[in-house]
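Morning, everyone. I have one model to walk through today. Please have a look at it before I start talking.

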Amino acid sequence: MRIQVLSLALLCTACSSINSSDIKSGGIHATNAVSASGAAVTCESTLRAGGITGSYVDLDAGDSLFCNGVRMLRKGDVFGQITYRATVASSPRALYEIKLERDGETLRSGAIMPSPITGASIAGGATHRIGSAVTVTWDRSQYPDESMTAALAMKDDHNSKFGGASVTDSAPELGSATFTGADTEIRYYDEKDGGYKKASGPYSATIELRRTKDGSLDGAWKGSMNATQAVSLAAKFVE
């Protein structure tokens with residue numbers, strides 16, 4: 001099964017936070033992920049109060065997050081979003097665990113790293129016409145519970161207009177994904193003429209392949225956990 005969606009950019013403009021000492025473990029929602037690129041794995045955890053849209057949970061001194069034994073460090077930004085990150089060594093099909101330790105209690109989540117992405121290529125080469133369909137292929141996973149997402153990101157020659165799309169090859173993988181002609185055009189709204197227009201080329205582009213395997217959280221922890229392998233392919237679109 002293939003699902004095609006347009007990529008969206010989300011911006012948090014007034015994010016609130018709550019100290020972890022003010023919330024019980026059962027009220028913490030975790031979005032946990034580990035992503036491999038080369039020899040390193042980036043571990044990320046975002047904690048929210050009550051659910052995925054709740055206030056960010058800021059860990060007090062007595063509470064800590066770990067990824068495979070490495071303490072995860074707080075990364076905040078100017079919009080108030082709070083994420084915890086750590087970097088550990090990469091090992092295909094190995095188990096990665098993110099856990100929250102607080103007041104003698106440990107909440108665990110884990111996921112097995114999916115198999116590496118091999119044989120990735122763009123059919124017909126890296127350069128294509130704007131408005132033409134483009135197919136990317138890769139060696140299918142031998143594991144039936146791994147899925148692939150191909151994400152196309154484009155920008156014009158002036159770095160002023162952007163576009164993109166994503167295609168999901170659901171588990172079990174079929175080994176290819178196709179972006180339609182409409183996907184490979186950057187469309188923008190012209191305020192002067194009051195309508196959408198196609199941006200002039202050329203476009204520089206990147207197609208990122210992300211192979212994902214879902215993990216699990218223990219019974220006391222709500223949220224999600226997954227592991228991802230990623231590779232990128234460079235592309236160009238011309239008139």
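Ground rules. This is a predicted model, where local features need pLDDT of at least 70 and side-chain atom pairs count only at pLDDT 80 or more, while totals for chains, interfaces and linings use all residues. Residues are numbered from 1 along each chain as its sequence is written, and side-chain values use heavy atoms, with hydrogens and water left out.

Confidence comes next. pLDDT is the predictor's confidence in each residue, from 0 to 100. The chain's mean is 90, and 94% of its residues reach 70 or more. Where is confidence lowest, and where is it highest? Lowest is strand S1, residues 2-5, at a mean of 41. Highest is strand S12, residues 121-122, at 98. Over residues 1-13, pLDDT stays under 50. The model still has 25 contacts beyond four places in sequence for that stretch. A contact is heavy atoms within 4.5 Å. Where pLDDT is low, the predicted coordinates should not be read in detail.

Now the overall make-up. There are 22 strands and 0 helices in the chain. The C-alpha trace spans about 60 × 50 × 30 Å along its principal axes. The chain has 239 residues, and 39% of them count as buried. Buried is under 20% relative accessible area, exposed is over 50%, and partly exposed is in between, with a 1.4 Å probe and protein chains only. Take the contacts with a separation of 6 or more: 66% of them come from residues 24 or more positions apart.

On to a sheet. Strands of a sheet pair through backbone hydrogen bonds, either parallel or antiparallel. Here, an open sheet of 5 strands runs S7-S6-S10-S11-S21, with antiparallel pairing. Why does one side of S7 and of S21 lack a neighbour in the sheet? Because S7 (70-71) and S21 (216-217) stand at the edges, each with a single partner strand. Pairing needs at least two DSSP bridges between the strands. S6, residues 63-67, and S10, residues 95-102, are joined by 5 bridges. Within that pair, Cys67 stands opposite Ile98 in S10.

Cys67 leads us to the disulfide. The structure holds 1, with sulfur atoms within 2.5 Å as the cut-off. Cys43 is joined to Cys67, S to S 2.2 Å. Cys43 lies in strand S4 (residues 40-49) and Cys67 in S6, so the pair ties together parts that are 24 residues apart in sequence. The S-S torsion is about -55 degrees, so this disulfide is left-handed. Both cysteines are buried.

Two buried residues next. Asn32 sits in strand S3, residues 28-37. Its relative accessible area is 0%. The side chains of Asn32 and Ser45 make a polar contact of 2.6 Å. That term means a pair of N or O atoms within 3.5 Å; within protein, one must be able to donate a hydrogen and the other to accept it, and residues adjacent in sequence count only if both atoms are side-chain atoms. Beyond four places in sequence, the contacts of Asn32 include Ile98, Ser109 and Trp221.

Ile186 is in the loop between strands S17 (176-179) and S18 (187-190). Ile186 is buried as well, at 0%. Beyond four places in sequence, Ile186 touches residues including Lys161, Phe162 and Tyr203.

Last, the backbone. A cis peptide bond links Ala171 to Pro172, omega about -5 degrees. Another cis bond runs from Gly201 to Pro202, omega near 0 degrees. Arg93 has a positive phi of about 65 degrees and is not a glycine. Arg93 is partly exposed, at 29%. Asn159, also not a glycine, has a positive phi of about 55 degrees. Asn159 is partly exposed too, at 47%.

Methods:
Helices (H or I, at least four residues) and strands (E, at least two) are DSSP runs, numbered from the N terminus.
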